[in-house]
Amino acid sequence: MNVLICKTAEEATEQAYDIFKRRFGNGLKTLGLATGSTPLKLYEKIRTSGWDVSHVTTVNLDEYIGLSPDSPQSYNYYMQEELFKYMNFKNTYLPNGMAEDPQEECERYEQILKENPVDLQILGIGPNGHIGFNEPGTSFHSLTHVAELTPSTREANKRFFEKDEEVPTKAITMGISSIMAAKEIIMLAFGEGKADAVRKMVEGPVSVDCPASVLQKHEHAWVILDEGAAEKL
Ligand code: GLP
């Protein structure tokens, strides 16, 4: 795992963007995307880059169960607004949070991932060390599955919802094994609120207690931090 510590989130985003630029230039076919506030600046840079992405497929990490793509809190909606409506991607995939049979949807999504192996995956980290919606305790062998969100994750994400009870309790998420299959991973973390999770990810034992610690085992993982997120290293 390569750890890069930058002064600010802007500089960290710039570093991540440089890696993206090089991989786009080198024939990247499938991009793994994340949501949340962390990659927003990166998506702004990508959508104004003028790149031709008509040969690029995207796959997203996760989606809330029970939110339709036109719900502003859904990850489908976020991706449309932040990236997809500006760019001509070949295909864009997210799990369907409205699927009648979520289990079947997980299998369908895992098949999509098999057909579109991820070249470069962007990741954020939850304050409890989750990646995607793989909460502490999730097996490192997990594939795409239905996840119960922990109270701390619902708490961290409630800022996007009007009422606490509107925060979904479940999501469909790529599993840890599905995420680790990416050829290269860029993990971004900004702000002091992530410092404990970042320390466990980088310096702690590789353990299901901190799902992101599995990145220590990835051969091509970049962890790009601002000073706040790095303050406990
Ligand atoms: C959510 C998402 C994650 C994301 C995390 C951090 O729970 N499922 O994919 O990385 O939040 O979000 P933020 O970047 O807003 O801190």
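Is glutamate 100 buried or exposed? Glutamate 100 is exposed because its relative accessibility is 86%; exposed here means over 50% relative accessible area, buried means under 20%, and partly exposed lies in between (1.4 Å probe, protein chains only).

The model is predicted: local features need pLDDT of at least 70, side-chain atom pairs count only at pLDDT 80 or more, and totals for chains, interfaces and linings use all residues. Residues are numbered from 1 along each chain as its sequence is written, and side-chain values use heavy atoms, with hydrogens and water left out.

1. Patches are made of residues with over 30% relative accessible area and no salt bridge, with like charges joined within 9 Å and nonpolar side chains (Val, Leu, Ile, Met, Phe, Trp, Tyr) within 5 Å. Lys and Arg count as positive, Asp and Glu as negative, and His and the chain ends are not counted. Glutamate 100 itself sits in the loop between strand 5 (91–93) and helix 4 (102–115). Helices (H or I, at least four residues) and strands (E, at least two) are DSSP runs, numbered from the N terminus.

2. Glycine 97. The loop between strand 5 and helix 4 also holds glycine 97. With a relative accessible area of 6%, glycine 97 is therefore buried. Its C-alpha atom is separated by 21 Å from that of glutamate 115, 18 residues apart along the chain.

3. Glutamate 105 and arginine 108. Glutamate 105 belongs to helix 4 and is classed as buried because its relative accessibility is 6%. Glutamate 105 forms a salt bridge with arginine 108, and the closest N and O atoms are 2.8 Å apart. A salt bridge is a side-chain nitrogen of Lys or Arg within 4 Å of a carboxyl oxygen of Asp or Glu. The two residues, glutamate 105 and arginine 108, are three residues apart in helix 4, so about one helical turn separates them. Arginine 108 counts as partly exposed, at 39% relative accessibility. From C-alpha to C-alpha, glutamate 105 and threonine 144 are 9.0 Å apart in space and 39 residues apart in sequence.

4. Glutamate 63. This residue lies in strand 4 (residues 62–64). Glutamate 63 is buried yet has no salt bridge, and the nearest side chain of opposite charge, arginine 108, is 10 Å away. The side chain of glutamate 63 does make a polar contact of 2.9 Å with that of asparagine 76. A polar contact is a pair of N or O atoms within 3.5 Å; within protein, one must be able to donate a hydrogen and the other to accept it, and residues adjacent in sequence count only if both atoms are side-chain atoms.

5. Eleven salt bridges are found in a search of the whole structure. Glutamate 14 pairs with lysine 45 in a salt bridge whose closest N and O atoms are 3.2 Å apart. This pair links distant parts of the chain, with glutamate 14 in helix 1 (residues 9–25) and lysine 45 in helix 2, 31 residues apart. Glutamate 14 is partly exposed at 37% relative accessibility, and lysine 45 is partly exposed at 26%.

6. Lysine 232 and aspartate 196. These residues form a salt bridge, the closest N and O atoms being 3.1 Å apart. The pair links distant parts of the chain: lysine 232 is in the segment after strand 10 (221–225), aspartate 196 is in helix 7 (residues 195–203), and they are 36 residues apart. Salt bridges that share partners also join Glu155, Lys158 and Asp164 into one network.

7. Leucine 42. Helix 2 (residues 40–47) contains leucine 42. Leucine 42 counts as buried because its relative accessibility is 0%.

8. Nonpolar patch. Val3, Ile5 and Leu233 form a nonpolar surface patch with about 220 Å² of accessible area together. Accessible areas come from the Shrake-Rupley method with a 1.4 Å probe, and for residues only the protein chains shown count as cover. Isoleucine 5 is found in strand 1 (residues 2–5).
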